[in-house]
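Trainee: Could we go through this model together, with the cut-offs stated as we meet them?

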Amino acid sequence: ELKELSNEDLKIMKNYPYAIAGYDFSDKKLKDYFSKFLWYIPIGKNVELYENDYEVIKDVEKIIKSRKK
């Protein structure tokens, strides 16, 4: 269940689709984390995501926002 993950893990999960697509992160922590994986090849800021990626991102954002209350 997503709600059991830490905020840091949720942030990674939220950005995972971007990393798969080759997004070049400005956030040093994210860039360092994803750079550990051979599949992460940053190509730029303008990347395409799949439709179901947006659903995951929205779900994670909801959980993060609910924790801020």
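**Contacts, helices and rings**

Mentor: Leaving aside neighbours within four places in sequence, Asn15 is in contact (heavy atoms within 4.5 Å) with Phe25, Leu30 and Phe34. This is a predicted model, in which local features need pLDDT of at least 70 and side-chain atom pairs count only at pLDDT 80 or more, while totals for chains, interfaces and linings use all residues. Residues are numbered from 1 along each chain as its sequence is written, and side-chain values use heavy atoms, with hydrogens and water left out.

Trainee: Where is Asn15 placed, and does Asn15 count as buried or exposed?

Mentor: The place of Asn15 is in helix H1, where helices are DSSP runs of H or I with at least four residues, strands are runs of E with at least two, and both are numbered from the N terminus. Buried means under 20% relative accessible area, exposed over 50%, and partly exposed in between, using a 1.4 Å probe and protein chains only. At a relative accessibility of 13%, Asn15 therefore counts as buried.

Trainee: How many helices does the protein chain have, and what percentage of its residues is buried?

Mentor: The protein chain has three helices and zero strands, and from the N terminus on its elements run α-α-α. Of the 69 residues in the protein chain, the buried ones make up 26%.

Trainee: Are H1 and H3 roughly parallel or roughly antiparallel to each other?

Mentor: The axes of helix H1 (residues 7-21) and helix H3 (residues 51-68) come within 9 Å and cross at roughly 160°; such axes are lines fitted to C-alpha atoms, for helices over the stretch in contact, with angles running from 0 to 180 degrees between N-to-C directions. Angles under 35 degrees count as roughly parallel, over 145 as roughly antiparallel, 65 to 115 as roughly perpendicular and the rest as oblique. H1 and H3 are therefore roughly antiparallel.

Trainee: Which residues of H3 make the contact with H1?

Mentor: On the H1 side, the contact is made by Asn7, Leu10, Met13, Lys14, Pro17 and Tyr18. On the H3 side, the residues that make the contact are Asp53, Ile57, Val60, Glu61, Ile63, Ile64 and Arg67.

Trainee: What are the centre distance and the angle between the planes for the edge-to-face pair of Tyr16 and Trp39?

Mentor: Rings of Phe, Tyr and Trp (its six-membered ring) pair if their centres lie within 6.5 Å, and planes under 30 degrees apart count as stacked, over 60 as edge-to-face and the rest as tilted. Tyr16 lies in helix H1 and Trp39 in the loop between helix H2 (28-34) and H3, so the pair ties together parts that are 23 residues apart in sequence. Tyr16 is partly exposed at 42% relative accessible area, and Trp39 is also partly exposed, at 35%. For this pair the values are 5.6 Å centre to centre and 75° between the planes.

Trainee: Which residue forms a stacked aromatic pair with Trp39?

Mentor: The rings of this stacked pair lie 5.3 Å apart, centre to centre, with 20° between the planes.

Trainee: How far apart in space are Ile41 and Tyr54, C-alpha to C-alpha?

Mentor: The place of Ile41 is in the loop between H2 and H3, and at 55% relative accessibility Ile41 counts as exposed. Ile41 and Tyr54 are 13 residues apart in sequence, and their C-alpha to C-alpha distance in space is 21 Å.
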